[in-house]
Amino acid sequence: MKKTNNREIVQAFSMVLQFGLNMLVPIALCTALGVWIGDQYDMDWIVIPLFFVGALAGYTSIFKMVRGFLKDKNTKKEKDVKKN
C-alpha cells in the first residue's frame, strides 16, 4: 500500500474548499444584492439575472485558478525534465 504525504492531502482539501468558496461567495453576494434591490425598488425579477452574474463570476474565478495551477504544474514538469 502506498503511503500518502499529509501535505498533498492538505493541499487537495484546500483546493476543493477554495473551489467551493470561489463559486458560492459570488453567487450568494449577487443574490443578496438582487433581493435587496428587489425590496427597495419593487423589482423582484432582478434576483434571477444577478444570480447568473454571480455564477459567471464564480466560474471565471475557478477557471483562472485552475489555469494557473496547471501552468505551474507544467513548468515544474519541464524543469524536472531539463534536470535529467
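**Pocket lining.** I sorted the residues lining the largest pocket by type and got three nonpolar, three polar and three charged. This is a predicted model, so I keep that in mind throughout, given the confidence cut-offs used for local features.

Next I wrote down who they are: Gln11, Ala12, Ser14, Met15, Gln18, Phe69, Asp72, Lys73 and Lys76. Two elements give two or more residues each to this lining, helix 1 (6–41) and helix 2 (47–83). Which one gives the most? Helix 1 does, with five residues. For the volume of this largest pocket I noted about 250 Å³.

**Surface patch.** I then went looking for nonpolar side chains on the outside. Phe13, Leu17, Leu21, Val25 and Leu29 make up a nonpolar patch there. Together they have about 520 Å² of accessible area.

Leu29 sits in helix 1. Is Leu29 buried or exposed? I put it down as exposed, because its relative accessible area is 58% and the cut-off for exposed is over 50%.

**Glycine 54.** For contrast I turned to Gly54, which belongs to helix 2. Its relative accessible area is 0%, and buried means under 20%, so Gly54 goes down as buried.

I also checked Gly54 against Cys30. They are 24 residues apart along the chain, yet their C-alpha atoms are separated by 5.4 Å.

How values were computed: Residues are numbered from 1 along each chain as its sequence is written. This is a predicted model: local features need pLDDT of at least 70, side-chain atom pairs count only at pLDDT 80 or more; totals for chains, interfaces and linings use all residues. Side-chain values use heavy atoms; hydrogens and water are left out. On a 1 Å grid over the protein atoms alone, a cavity is a set of points where a 1.4 Å probe fits but cannot get out, and a pocket is an open set with protein on both sides within 12 Å along at least five of seven lines; lining residues have an atom within 4 Å of a point. Grid points are joined across faces, edges and corners, and a volume is the space filled by probe spheres set on the points. Helices (H or I, at least four residues) and strands (E, at least two) are DSSP runs, numbered from the N terminus. Ala, Val, Leu, Ile, Met, Phe, Trp, Tyr, Cys and Pro count as nonpolar, Asp, Glu, Lys and Arg as charged, and the others, Gly among them, as polar. Patches are made of residues with over 30% relative accessible area and no salt bridge: like charges are joined within 9 Å, nonpolar side chains (Val, Leu, Ile, Met, Phe, Trp, Tyr) within 5 Å. Accessible areas come from the Shrake-Rupley method with a 1.4 Å probe; for residues, only the protein chains shown count as cover. A salt bridge is a side-chain nitrogen of Lys or Arg within 4 Å of a carboxyl oxygen of Asp or Glu. Buried means under 20% relative accessible area, exposed over 50%, partly exposed in between (1.4 Å probe, protein chains only).
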